[in-house]
Amino acid sequence: MAEGKKLKLGLPKGSLQESTIEIFKRAGIRVHASERSYFPGCDDDELDIMLVRSQEMARYVADGVFDAGLTGHDWVMESGAKVHEICELMYAKTGFRPVRWVLAVPNDSPIKSVKDLEGKRIATELVGVVKKYLEKNKVKAEVEFSWGATEAKAGFLVDAIVELTETGSSLRANKLRIVEELLTSSTRFISNENSWKDAWKREKMENMAMLLQGALAAEGMVGLKMNVAQKDLDKVMKLLPALKRPTIAQLSEPGWSALEVVIEEKTVKKLIPQLKRAGAEGIIEYALNKVIP
(Lines give C-alpha, C1' and ligand atoms only; values in the text may rest on other atoms or scores of the structure.)
Protein backbone atom coordinates (compact mmCIF):
# COMPACT_ATOMS: atom_id res chain seq x y z
CA MET A 1 0.00 0.00 0.00
CA ALA A 2 1.19 3.50 -0.78
CA GLU A 3 2.14 5.04 2.60
CA GLY A 4 -0.76 6.95 4.11
CA LYS A 5 -2.98 6.63 1.05
CA LYS A 6 -6.69 6.36 1.77
CA LEU A 7 -9.80 6.51 -0.39
CA LYS A 8 -12.80 7.93 1.45
CA LEU A 9 -15.74 5.82 0.32
CA GLY A 10 -19.43 6.28 1.04
CA LEU A 11 -21.68 3.22 0.98
CA PRO A 12 -25.49 3.42 1.09
CA LYS A 13 -27.17 3.00 4.46
CA GLY A 14 -30.64 1.47 4.37
CA SER A 15 -32.34 -0.53 1.64
CA LEU A 16 -29.23 -0.94 -0.54
CA GLN A 17 -26.83 -1.68 2.32
CA GLU A 18 -27.13 -5.47 2.47
CA SER A 19 -26.98 -6.03 -1.28
CA THR A 20 -24.05 -3.60 -1.61
CA ILE A 21 -22.01 -5.37 1.06
CA GLU A 22 -22.72 -8.73 -0.60
CA ILE A 23 -21.53 -7.47 -3.99
CA PHE A 24 -18.38 -6.04 -2.40
CA LYS A 25 -17.76 -9.44 -0.80
CA ARG A 26 -18.03 -11.17 -4.17
CA ALA A 27 -15.71 -8.54 -5.62
CA GLY A 28 -13.13 -9.57 -3.00
CA ILE A 29 -13.66 -6.63 -0.62
CA ARG A 30 -15.07 -7.70 2.74
CA VAL A 31 -17.00 -4.98 4.55
CA HIS A 32 -18.05 -5.63 8.15
CA ALA A 33 -20.92 -3.41 9.31
CA SER A 34 -22.49 -3.66 12.75
CA GLU A 35 -26.14 -2.76 13.19
CA ARG A 36 -25.50 0.49 15.06
CA SER A 37 -22.25 1.74 13.55
CA TYR A 38 -21.92 4.05 10.57
CA PHE A 39 -18.22 3.22 10.20
CA PRO A 40 -17.83 -0.37 8.98
CA GLY A 41 -14.56 -2.25 9.00
CA CYS A 42 -12.96 -3.52 5.81
CA ASP A 43 -10.16 -5.91 4.86
CA ASP A 44 -8.78 -3.29 2.43
CA ASP A 45 -6.55 -0.90 4.41
CA GLU A 46 -6.72 1.66 1.62
CA LEU A 47 -10.46 2.24 2.13
CA ASP A 48 -11.98 4.51 4.75
CA ILE A 49 -15.72 3.72 4.68
CA MET A 50 -18.79 5.43 6.07
CA LEU A 51 -22.46 4.54 5.64
CA VAL A 52 -24.84 7.36 4.67
CA ARG A 53 -28.30 7.52 3.15
CA SER A 54 -28.40 7.21 -0.65
CA GLN A 55 -30.36 10.46 -0.81
CA GLU A 56 -27.40 12.38 0.64
CA MET A 57 -24.52 10.59 -1.09
CA ALA A 58 -24.08 12.66 -4.25
CA ARG A 59 -23.92 15.93 -2.30
CA TYR A 60 -21.25 14.61 0.06
CA VAL A 61 -19.21 13.27 -2.87
CA ALA A 62 -19.52 16.57 -4.74
CA ASP A 63 -18.42 18.48 -1.62
CA GLY A 64 -15.36 16.26 -1.14
CA VAL A 65 -16.48 14.64 2.11
CA PHE A 66 -16.07 11.37 0.18
CA ASP A 67 -13.76 10.65 -2.74
CA ALA A 68 -16.33 8.20 -4.10
CA GLY A 69 -19.67 6.65 -3.27
CA LEU A 70 -22.48 4.40 -4.41
CA THR A 71 -25.97 5.78 -4.85
CA GLY A 72 -28.91 5.70 -7.21
CA HIS A 73 -29.01 7.69 -10.42
CA ASP A 74 -32.32 9.08 -9.14
CA TRP A 75 -30.66 10.72 -6.13
CA VAL A 76 -27.87 12.17 -8.27
CA MET A 77 -30.57 13.75 -10.43
CA GLU A 78 -32.55 14.95 -7.41
CA SER A 79 -29.55 16.56 -5.72
CA GLY A 80 -28.24 18.23 -8.88
CA ALA A 81 -24.75 17.53 -7.53
CA LYS A 82 -21.85 17.77 -9.94
CA VAL A 83 -19.99 14.45 -9.73
CA HIS A 84 -18.09 12.13 -12.05
CA GLU A 85 -19.88 8.87 -12.88
CA ILE A 86 -17.38 6.02 -12.85
CA CYS A 87 -19.76 3.24 -13.89
CA GLU A 88 -23.25 1.83 -13.65
CA LEU A 89 -23.81 -1.10 -11.30
CA MET A 90 -27.01 -2.90 -12.21
CA TYR A 91 -28.45 -3.97 -8.87
CA ALA A 92 -31.15 -2.76 -6.50
CA LYS A 93 -32.65 -3.78 -3.16
CA THR A 94 -34.09 -7.10 -4.31
CA GLY A 95 -32.94 -7.68 -7.87
CA PHE A 96 -30.60 -6.97 -10.72
CA ARG A 97 -32.68 -4.61 -12.82
CA PRO A 98 -33.39 -0.87 -12.84
CA VAL A 99 -35.97 0.56 -10.48
CA ARG A 100 -38.69 2.97 -11.63
CA TRP A 101 -40.19 6.16 -10.29
CA VAL A 102 -43.83 6.17 -11.34
CA LEU A 103 -46.86 8.43 -11.06
CA ALA A 104 -49.57 6.41 -9.33
CA VAL A 105 -53.17 7.07 -8.32
CA PRO A 106 -56.00 5.04 -6.75
CA ASN A 107 -57.64 2.59 -9.12
CA ASP A 108 -60.86 4.63 -9.17
CA SER A 109 -59.15 7.99 -9.71
CA PRO A 110 -60.19 9.99 -12.82
CA ILE A 111 -56.52 10.94 -13.41
CA LYS A 112 -55.39 9.32 -16.68
CA SER A 113 -52.27 11.34 -17.58
CA VAL A 114 -49.93 14.00 -16.28
CA LYS A 115 -52.20 16.66 -17.80
CA ASP A 116 -54.92 15.69 -15.33
CA LEU A 117 -52.70 16.76 -12.43
CA GLU A 118 -53.45 20.46 -13.01
CA GLY A 119 -54.24 22.01 -9.62
CA LYS A 120 -53.77 18.68 -7.82
CA ARG A 121 -51.52 17.70 -4.91
CA ILE A 122 -48.72 15.13 -5.26
CA ALA A 123 -46.62 13.47 -2.54
CA THR A 124 -43.12 12.12 -3.21
CA GLU A 125 -39.56 11.93 -1.90
CA LEU A 126 -38.28 12.97 -5.33
CA VAL A 127 -39.58 16.55 -5.17
CA GLY A 128 -37.07 18.22 -7.50
CA VAL A 129 -37.43 15.67 -10.29
CA VAL A 130 -41.24 15.76 -10.06
CA LYS A 131 -41.32 19.58 -10.24
CA LYS A 132 -39.17 19.48 -13.40
CA TYR A 133 -41.44 16.78 -14.84
CA LEU A 134 -44.51 18.95 -14.27
CA GLU A 135 -42.76 22.01 -15.68
CA LYS A 136 -41.78 20.07 -18.80
CA ASN A 137 -45.42 19.07 -19.29
CA LYS A 138 -46.66 22.63 -18.51
CA VAL A 139 -48.74 21.46 -15.56
CA LYS A 140 -49.14 23.44 -12.35
CA ALA A 141 -49.61 21.26 -9.29
CA GLU A 142 -48.53 21.24 -5.65
CA VAL A 143 -45.66 18.87 -4.83
CA GLU A 144 -45.02 18.02 -1.19
CA PHE A 145 -42.22 16.00 0.35
CA SER A 146 -43.34 12.66 1.76
CA TRP A 147 -41.64 11.48 4.94
CA GLY A 148 -42.78 7.90 4.39
CA ALA A 149 -45.87 5.71 3.95
CA THR A 150 -46.35 7.48 0.62
CA GLU A 151 -48.58 4.79 -0.87
CA ALA A 152 -51.11 5.19 1.96
CA LYS A 153 -51.59 8.90 1.18
CA ALA A 154 -52.93 8.51 -2.35
CA GLY A 155 -56.61 9.32 -2.52
CA PHE A 156 -56.74 10.47 1.13
CA LEU A 157 -54.10 13.13 1.78
CA VAL A 158 -53.06 13.75 -1.82
CA ASP A 159 -54.44 13.18 -5.31
CA ALA A 160 -51.41 11.28 -6.61
CA ILE A 161 -47.99 10.03 -5.60
CA VAL A 162 -44.68 9.54 -7.35
CA GLU A 163 -43.10 6.47 -5.82
CA LEU A 164 -40.21 4.08 -6.35
CA THR A 165 -41.05 0.56 -7.49
CA GLU A 166 -39.18 -2.52 -8.64
CA THR A 167 -42.05 -4.86 -9.52
CA GLY A 168 -45.20 -2.79 -8.92
CA SER A 169 -46.53 -5.39 -6.47
CA SER A 170 -46.68 -2.99 -3.51
CA LEU A 171 -48.63 -0.46 -5.57
CA ARG A 172 -51.12 -3.11 -6.64
CA ALA A 173 -51.47 -4.31 -3.05
CA ASN A 174 -52.44 -0.76 -2.07
CA LYS A 175 -55.00 -0.59 -4.91
CA LEU A 176 -52.99 1.91 -6.92
CA ARG A 177 -52.40 1.99 -10.66
CA ILE A 178 -49.46 3.41 -12.57
CA VAL A 179 -50.28 6.40 -14.78
CA GLU A 180 -46.84 7.24 -16.18
CA GLU A 181 -43.17 6.48 -15.62
CA LEU A 182 -40.97 9.47 -14.79
CA LEU A 183 -37.53 7.96 -14.39
CA THR A 184 -35.65 4.68 -14.42
CA SER A 185 -32.71 4.40 -12.08
CA SER A 186 -29.87 2.06 -11.23
CA THR A 187 -26.97 2.18 -8.79
CA ARG A 188 -24.03 4.35 -9.86
CA PHE A 189 -20.42 4.44 -8.64
CA ILE A 190 -19.59 8.14 -8.52
CA SER A 191 -16.52 10.16 -7.59
CA ASN A 192 -15.60 13.66 -6.59
CA GLU A 193 -14.30 15.52 -9.65
CA ASN A 194 -11.03 16.53 -7.97
CA SER A 195 -10.48 13.02 -6.60
CA TRP A 196 -10.87 11.67 -10.13
CA LYS A 197 -7.94 13.86 -11.19
CA ASP A 198 -5.68 12.31 -8.52
CA ALA A 199 -3.72 9.49 -10.20
CA TRP A 200 -3.63 7.14 -7.20
CA LYS A 201 -7.29 7.62 -6.29
CA ARG A 202 -8.39 7.26 -9.89
CA GLU A 203 -6.55 3.96 -10.31
CA LYS A 204 -8.01 2.72 -7.02
CA MET A 205 -11.53 3.61 -8.12
CA GLU A 206 -11.06 2.10 -11.59
CA ASN A 207 -9.81 -1.14 -10.02
CA MET A 208 -12.82 -1.25 -7.70
CA ALA A 209 -15.19 -0.58 -10.61
CA MET A 210 -13.67 -3.48 -12.56
CA LEU A 211 -14.08 -5.87 -9.63
CA LEU A 212 -17.64 -4.76 -8.82
CA GLN A 213 -18.75 -5.01 -12.44
CA GLY A 214 -17.10 -8.43 -12.61
CA ALA A 215 -19.05 -9.55 -9.54
CA LEU A 216 -22.31 -8.41 -11.12
CA ALA A 217 -21.44 -10.03 -14.45
CA ALA A 218 -21.04 -13.35 -12.62
CA GLU A 219 -24.58 -13.16 -11.22
CA GLY A 220 -26.57 -16.12 -12.48
CA MET A 221 -23.52 -17.62 -14.19
CA VAL A 222 -21.58 -20.82 -13.40
CA GLY A 223 -18.54 -22.56 -14.77
CA LEU A 224 -18.53 -26.07 -16.23
CA LYS A 225 -15.53 -28.34 -16.69
CA MET A 226 -15.62 -31.69 -18.45
CA ASN A 227 -13.52 -34.25 -20.28
CA VAL A 228 -14.46 -35.18 -23.84
CA ALA A 229 -13.11 -37.78 -26.25
CA GLN A 230 -11.99 -36.37 -29.60
CA LYS A 231 -14.68 -38.33 -31.43
CA ASP A 232 -17.41 -36.64 -29.34
CA LEU A 233 -15.96 -33.12 -29.36
CA ASP A 234 -18.15 -31.71 -32.14
CA LYS A 235 -21.35 -33.03 -30.56
CA VAL A 236 -20.48 -31.54 -27.17
CA MET A 237 -19.37 -28.20 -28.64
CA LYS A 238 -22.73 -27.75 -30.36
CA LEU A 239 -24.49 -27.99 -27.00
CA LEU A 240 -22.41 -25.33 -25.26
CA PRO A 241 -23.64 -21.74 -25.23
CA ALA A 242 -20.84 -19.53 -23.93
CA LEU A 243 -19.69 -15.97 -23.43
CA LYS A 244 -17.12 -16.85 -26.07
CA ARG A 245 -15.82 -20.13 -27.45
CA PRO A 246 -15.13 -22.78 -24.77
CA THR A 247 -11.57 -23.21 -23.53
CA ILE A 248 -10.12 -26.52 -24.82
CA ALA A 249 -6.97 -28.17 -23.47
CA GLN A 250 -5.42 -31.46 -24.51
CA LEU A 251 -5.23 -34.10 -21.76
CA SER A 252 -2.22 -36.34 -21.19
CA GLU A 253 -4.34 -39.28 -22.31
CA PRO A 254 -4.28 -39.39 -26.13
CA GLY A 255 -7.56 -38.60 -27.86
CA TRP A 256 -9.07 -36.68 -24.94
CA SER A 257 -9.62 -32.96 -24.26
CA ALA A 258 -10.71 -30.88 -21.27
CA LEU A 259 -13.39 -28.25 -21.92
CA GLU A 260 -14.20 -25.29 -19.71
CA VAL A 261 -17.07 -22.88 -20.27
CA VAL A 262 -19.08 -20.14 -18.51
CA ILE A 263 -22.86 -20.45 -18.90
CA GLU A 264 -26.13 -19.28 -17.35
CA GLU A 265 -26.96 -21.28 -14.24
CA LYS A 266 -30.61 -21.65 -15.27
CA THR A 267 -29.56 -23.73 -18.29
CA VAL A 268 -27.44 -26.24 -16.33
CA LYS A 269 -30.20 -28.61 -15.20
CA LYS A 270 -31.11 -29.34 -18.82
CA LEU A 271 -27.64 -29.08 -20.26
CA ILE A 272 -25.69 -31.51 -18.04
CA PRO A 273 -27.77 -34.60 -19.00
CA GLN A 274 -27.41 -33.62 -22.69
CA LEU A 275 -23.64 -33.26 -22.31
CA LYS A 276 -23.40 -36.63 -20.60
CA ARG A 277 -25.36 -38.32 -23.38
CA ALA A 278 -23.14 -36.59 -25.98
CA GLY A 279 -20.03 -38.17 -24.44
CA ALA A 280 -18.81 -35.69 -21.80
CA GLU A 281 -17.30 -37.22 -18.66
CA GLY A 282 -16.14 -35.93 -15.28
CA ILE A 283 -18.49 -32.93 -15.47
CA ILE A 284 -17.89 -30.35 -12.70
CA GLU A 285 -20.09 -27.33 -12.02
CA TYR A 286 -18.61 -24.50 -9.94
CA ALA A 287 -19.75 -21.11 -8.68
CA LEU A 288 -18.29 -17.83 -9.96
CA ASN A 289 -17.53 -14.70 -7.95
CA LYS A 290 -16.40 -12.51 -10.84
CA VAL A 291 -16.42 -12.55 -14.63
CA ILE A 292 -14.02 -9.98 -16.11
CA PRO A 293 -14.48 -9.59 -19.89
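Select Cys87 first. Cys87 is buried, at 8% relative accessible area. Buried means under 20% relative accessible area, exposed over 50%, and partly exposed in between, with a 1.4 Å probe and protein chains only. The model is predicted: local features need pLDDT of at least 70, side-chain atom pairs count only at pLDDT 80 or more, and totals for chains, interfaces and linings use all residues. Residues are numbered from 1 along each chain as its sequence is written, and side-chain values use heavy atoms, with hydrogens and water left out.

**The cysteines**

What separates the sulfur of Cys42 from a bond with Cys87? The sulfur of Cys42 is 17 Å from that of Cys87, its closest cysteine sulfur, which is too far for a bond. Cys87 is in no disulfide either, with the sulfur of Cys42 the nearest one to it. A disulfide here is a pair of cysteine sulfur atoms within 2.5 Å. By this rule the count is 0 disulfides.

**Helix α1**

Next, select residues 17-26, helix α1. Helices (H or I, at least four residues) and strands (E, at least two) are DSSP runs, numbered from the N terminus. Of the 10 residues of α1, 7 are buried, so the helix is largely enclosed by the rest of the structure. Show the side chains of Gln17, Ser19, Thr20, Ile21, Ile23, Phe24 and Arg26: these are the buried residues. An α-helix has 3.6 residues a turn, so residues three or four places apart point the same way.

What do the buried residues of α1 pack against? Colour β1 (7-13), β2 (31-32), β4 (47-53), β5 (68-72) and α8 (199-217) to see the partners. Contact means heavy atoms within 4.5 Å. Then step past the end of the helix to Gly28, which follows α1 and has a positive phi near 100°.

**α1 against α8**

Now show α1 and α8 together. Two packed helices are described by the angle between their axes and the distance between the axes. Here the angle is about 100° and the axes are 8 Å apart. Axes are lines fitted to C-alpha atoms, for helices over the stretch in contact, and angles run from 0 to 180 degrees between N-to-C directions. The two helices are therefore roughly perpendicular to each other. Angles under 35 degrees count as roughly parallel, over 145 as roughly antiparallel, 65 to 115 as roughly perpendicular and the rest as oblique.

Zoom in on the contact. From α1 come Ile23, Phe24 and Arg26; from α8 come Met208, Leu212, Ala215 and Leu216. By class, 6 of these residues are nonpolar, none is polar and 1 is charged. Ala, Val, Leu, Ile, Met, Phe, Trp, Tyr, Cys and Pro count as nonpolar; Asp, Glu, Lys and Arg as charged; the others, Gly among them, as polar.

**Strand β10**

Move to residues 160-165, strand β10. The strand is mostly covered, with 5 of its 6 residues buried. Two strands pair if DSSP finds at least two bridges between them. With β7 (residues 99-106), β10 pairs in the antiparallel sense over 5 bridges. Pick Ala104 and find its bridge partner in β10, Ile161. With β8 (residues 121-124), the pairing of β10 is parallel, over 3 bridges. Here Thr124 has Val162 as its bridge partner.

**The open sheet**

Select β14, β15, β13 and β16, in that order: these 4 strands form an open sheet with antiparallel pairing. Which strands stand at the edges? They are β14 (247-250) and β16 (281-287), each with a single partner strand, so one side of each is left without a neighbour in the sheet. Neighbouring strands are turned by 15° against each other on average, direction ignored.

Follow β14 to β15 (residues 256-264): the two pair over 4 antiparallel bridges. Ile248 has Leu259 as its bridge partner in β15.

**Two loops and a helix residue**

Go to Ala149, in the loop between β9 (142-145) and α5 (150-153). Its phi is positive, about 50°, although Ala149 is not a glycine. Ala149 counts as exposed, at 60% relative accessibility.

Lys175 sits in the loop between α6 (169-173) and β11 (176-185). Its phi is also positive, near 60°, in a residue other than glycine. At 62% relative accessibility, Lys175 is exposed.

Finish at Asp63, in helix α2 (residues 54-63). Is Asp63 buried or exposed? Asp63 is exposed, at 57% relative accessibility. Draw a C-alpha to C-alpha distance to Gly41: 24 Å in space, for 22 residues in sequence.
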